[in-house]
Amino acid sequence: MPDQPTNAYLDALRAEARAKGGYATPVQQSSASMTGTGYAGNYVSVIPQPPDSYAVGDDIVFKRTDGSTTIHRIKYTKPGYVFTQGTFNRNGDGWIPMKQVLGKVTKLVDSKTGQTKQVDAALGN
């Protein structure tokens, strides 16, 4: 990941994520597709998972073919692929090859208060 802004909350989340082989990053909302998740303007921890462990309802980060990254929710899975969709999108993103999946969003940290929230796949947030 490129160098990002830093503060004590983000530094702590980064250290924890690195220990698990992942990373933490500020989230910039570029569309309304995941409105209501609390991600925009805050920090998320993204941890790589074994390809067969991703499940319907997981929020994941994946790299698009143009190189941009996206956080969307898994709607369906099949061997080697996940089908994702933003919570406020009418249509899905299509089948995303696992090689494009960077990891699962596991934790959300409020950038102002440092309040931490585990991301629960069963609830989708």
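**Strand pairing and an aromatic cluster**

Strand 1 (residues 23-26) pairs with strand 2 in the antiparallel sense, over four bridges. The model is predicted, so local features need pLDDT of at least 70 and side-chain atom pairs count only at pLDDT 80 or more, while totals for chains, interfaces and linings use all residues. Residues are numbered from 1 along each chain as its sequence is written, and side-chain values use heavy atoms, with hydrogens and water left out.

Strands are DSSP runs of E with at least two residues, numbered from the N terminus. Two strands pair if DSSP finds at least two bridges between them. Thr25 stands opposite Val44 in strand 2. Strand 2 also pairs with strand 7 (residues 101-109). This pairing is antiparallel and runs over five bridges. Here Tyr43 has Val109 of strand 7 as its bridge partner.

Strand 2 (residues 43-47) is largely enclosed by the rest of the structure, because five of its five residues are buried. Buried means under 20% relative accessible area, exposed means over 50%, and partly exposed lies in between (1.4 Å probe, protein chains only). Both faces of strand 2 are covered. Tyr43, Ser45 and Ile47 are buried on one side, and Val44 and Val46 on the other.

The structure holds three aromatic pairs. Rings of Phe, Tyr and Trp (its six-membered ring) pair if their centres lie within 6.5 Å; planes under 30 degrees apart count as stacked, over 60 as edge-to-face and the rest as tilted. Tyr76 and Phe83 form an edge-to-face pair, at 5.4 Å centre to centre with 65° between the planes. Phe83 and Trp95 are also paired edge-to-face, at 5.4 Å and 70°. Phe83 lies in strand 5 (residues 81-85) and Trp95 in strand 6, so this pair ties together parts that are twelve residues apart in sequence. Phe83 counts as buried, at 17% relative accessibility. Trp95 counts as partly exposed, at 36%.

Trp95 also belongs to a nonpolar surface patch with Tyr76 and Tyr81. Together the three have about 320 Å² of accessible area, from the Shrake-Rupley method with a 1.4 Å probe. The charged end of Lys78 sits over the ring of Trp95, 4.6 Å from its centre. The charged end of Lys78 also sits over the ring of Tyr81, at 5.4 Å. For this contact, NZ of Lys or CZ of Arg must be within 6 Å of the ring centre and within 35 degrees of the ring normal. Patch residues have over 30% relative accessible area and no salt bridge; like charges are joined within 9 Å, and nonpolar side chains (Val, Leu, Ile, Met, Phe, Trp, Tyr) within 5 Å. A salt bridge is a side-chain nitrogen of Lys or Arg within 4 Å of a carboxyl oxygen of Asp or Glu.
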